[in-house]
Amino acid sequence: MKKNTIIRILAIASFVTFFISCKRTTFDDKISVDTKEFTQKNCPQELDSYTRMDSMSYDRKSRTINYYYAVKDLLDVDSIYTESTIEDFRSDLLEDIRTSIPLKEHKEEGISFRYVYVSSTRGNVLMDITLTKEDYD
């Protein structure tokens, strides 16, 4: 009898310890960690001759993944960022999100995606495009 009691106590203690140690993380926690790790490991990253990805971040309050880019040379000219050019670029980004398999879970969660393009010489924002669930659904 005493042996069974000790085994039960050990089993219950193990069970409780297991559940306490298994901290449940949310999807927002996962994205927050993933964007920080991506930035630390991969940024800044030259994407092409004119574009550098500077960082990624996640805003929990708005549930938005933010992508920050710096442009230079031919793309670092204010006059090319017309309403029409920005709308064309927005359409391309939207199509990329809609067809992206890696972002499937993000889309199911209703995550928004924000793309900020900044002049590498002047530091001013050239384009700031946010795409929400209402856009890509």
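Read from the N terminus, the elements of the protein chain follow the order α-α-β-β-β-α-α-β-β-α. That makes five helices and five strands. The model is a predicted one.

| Property of the protein chain | Value |
|---|---|
| Residues counted as buried | 29% of the 137 residues |
| Contacts joining residues at least 24 apart, among those between residues at least 6 apart in sequence | 50% |
| Accessible surface | about 9500 Å² |
| Part of the accessible surface belonging to carbon and sulfur atoms | 56% |

**A site in strand β3**

Strand β3 spans residues 64-71 and includes Ala 70. Ala 70 counts as buried because its relative accessibility is 6%, and the cut-off for buried is under 20%. Beyond its neighbours within four places in sequence, Ala 70 is in contact with Tyr 50, Thr 51, Arg 52 and Asp 54 as well as with Val 118 and Ser 120.

**A charged patch on the surface**

Which residues gather in a patch of negative charge on the surface? The patch consists of Glu 83, Glu 87, Asp 88, Asp 92, Glu 95 and Asp 96. One of these residues, Asp 92, lies in helix α3, which runs over residues 83-99.

Methods
Residues are numbered from 1 along each chain as its sequence is written. This is a predicted model: local features need pLDDT of at least 70, side-chain atom pairs count only at pLDDT 80 or more; totals for chains, interfaces and linings use all residues. Side-chain values use heavy atoms; hydrogens and water are left out. Patches are made of residues with over 30% relative accessible area and no salt bridge: like charges are joined within 9 Å, nonpolar side chains (Val, Leu, Ile, Met, Phe, Trp, Tyr) within 5 Å. Accessible areas come from the Shrake-Rupley method with a 1.4 Å probe; for residues, only the protein chains shown count as cover. A salt bridge is a side-chain nitrogen of Lys or Arg within 4 Å of a carboxyl oxygen of Asp or Glu. Lys and Arg count as positive and Asp and Glu as negative; His and the chain ends are not counted. The place of a charge is taken as NZ of Lys, CZ of Arg, CG of Asp or CD of Glu. Helices (H or I, at least four residues) and strands (E, at least two) are DSSP runs, numbered from the N terminus. Buried means under 20% relative accessible area, exposed over 50%, partly exposed in between (1.4 Å probe, protein chains only). Contact means heavy atoms within 4.5 Å.
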